[in-house]
Amino acid sequence: MPSTQFMVLQALNSLSLGAVLFLLSSGFSLIFGLIRTANLSHGAFFMLGAYLGVMVFSRVASLWLAVLAAGVALGVLGALVERFLIRRLAGNALNQVLATLGLSFIIADACLLLWGGDPIPLATPELLRKPLVVFGMAFPAYRLFLLGVAAAIALALHLMIDRTRLGAMIRAGVDDMPMARAVGVPVSRLLTLVFSLGAALAGIGGVLGAPILSAYPGMDADMLPLALIVVILGGVGSLLGAFVGSFVIGAIYTFGTALLPDLAYVILFLPMILVIAFRPRGLFGRIAA
């Protein structure tokens, strides 16, 4: 039987992975919920954010500046993609999916050309390198820091969506876009803003996840399926669903890989299959009126 310390450390690893998945899947869920497009370049945004974070951190040695730079860069890229690619294919979901898939290949090849094929680790910030010792067990401080950041961003997104005028417009667009247009909601600008926000969250997640995952070719293909499972499990367009689903999938993936590596993917996809069978709109998805 695994030791208590092993189980506790795996639980902490699952929480840190869940935090990274939330940063990735929350933006994906918002984009999917409002634009109704499965943005298959979202994993590439995550990977590009990780590489940009490594590049900035190697020059200024500041995690916050790396997070800011990647968030702004990916936010601008997301706005351009929505304005000049997604919008031109409006009404054709299949073409949008294929276009974002092609964009992900372009970004992946560009990263391979610029940074090579070897994994590039991002050093843990100096203040977070010393482990925390609780009841005789050492906990990596950075993983606890990730959990705090994810909780803070989840709270900020919740307040923005539920307590602000902007959030009310986003909810209106998700629930009934034609009616939102009819009452004067600037849906066009809203689509660009949400896509930009989702891309920025993916970039930030890439930077914050790089100290434990590193930046490497194929990172997009590894992370995007996890984000898809989170969105399906939690419910499209649901922030609470993305939050809960991220930590559920983080726990299943971490413990499944550690305890039953040969069955890790079977265990990972099983909850998604059950949810699709009994709750097609996800655990927190709402049935449209």
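User: What percentage of the 289 residues of the protein chain count as buried?
Analyst: This is a predicted model, in which local features need pLDDT of at least 70 and side-chain atom pairs count only at pLDDT 80 or more, while totals for chains, interfaces and linings use all residues. Residues are numbered from 1 along each chain as its sequence is written, and side-chain values use heavy atoms, with hydrogens and water left out. Buried means under 20% relative accessible area, exposed over 50%, and partly exposed in between, using a 1.4 Å probe and protein chains only. For the 289 residues of the protein chain, the buried share is 48%.

User: Which order do the elements of the protein chain follow from the N terminus on?
Analyst: Helices (H or I, at least four residues) and strands (E, at least two) are DSSP runs, numbered from the N terminus. The protein chain has 11 helices and two strands. Starting at the N terminus, the order is α-α-α-α-β-β-α-α-α-α-α-α-α.

User: What is the radius of gyration of the protein chain, and what does the globule rule give?
Analyst: The radius of gyration is taken over C-alpha atoms, and the globule rule is 2.2 Å times the number of residues to the power 0.38. For 289 residues that rule gives 19 Å, and the protein chain comes close to it, so it is as compact as a globular protein of that length. Its radius of gyration is 19 Å, against 19 Å from the rule.

User: What share of the contacts with a separation of 6 or more comes from residues 24 or more positions apart?
Analyst: Contact means heavy atoms within 4.5 Å. Among contacts in the protein chain with a separation of 6 or more, residues 24 or more positions apart account for 76%.

User: How far apart are the end C-alpha atoms of helix α4?
Analyst: The expected span of a helix is 1.5 Å times one less than its number of residues. Helix α4 covers residues 93-115, which is 23 residues, so it should span 33 Å. The model agrees, with the end C-alpha atoms separated by 33 Å.

User: Which helices are included in what covers the buried residues of α4?
Analyst: Let's start with the residues themselves. The buried residues of α4 are Q96, A99, T100, L103, S104, I107 and C111. Their cover includes α2 (42-60), α3 (63-86) and α9 (219-234).

User: Which helices do the buried residues of α9 pack against?
Analyst: Helix α9 has 16 residues and reaches 23 Å from its first C-alpha to its last, close to the 22 Å expected. Its buried residues include M219, D220, M223, L224 and L226. They belong to the buried set of α9, which packs against α1 (4-35), α2, α4, α8 (187-213), α10 (239-259) and α11 (264-278).

User: Is S214 buried or exposed?
Analyst: S214 sits in the loop between α8 and α9. Its phi is near 70 degrees, a positive value in a residue other than glycine. With a relative accessible area of 17%, S214 is buried.

User: Is A61 buried or exposed?
Analyst: A61 is in the loop between α2 and α3. It has a positive phi of about 55 degrees although it is not a glycine. Its relative accessible area is 59%, so A61 is exposed.

User: Which residues is P121 in contact with, leaving aside its neighbours within four places in sequence?
Analyst: P121 lies in the loop between α4 and β1 (132-134), and its relative accessible area of 60% makes it exposed. P121 and L213 are 92 residues apart in sequence and 7.6 Å apart in space, C-alpha to C-alpha. Leaving those sequence neighbours aside, the contacts of P121 are V54 and S214.

User: Which residues does A172 touch, not counting those up to four places away in sequence?
Analyst: A172 is part of helix α6 (residues 165-175). At a relative accessible area of 28%, A172 is partly exposed. Residues up to four places away in sequence do not count here, and A172 touches M177 and A180.

User: How far apart are the C-alpha atoms of Y265 and I252?
Analyst: Y265 lies in helix α11 and counts as exposed at 53% relative accessibility. Y265 and I252 are 13 residues apart along the chain, and their C-alpha atoms are separated by 9.5 Å.
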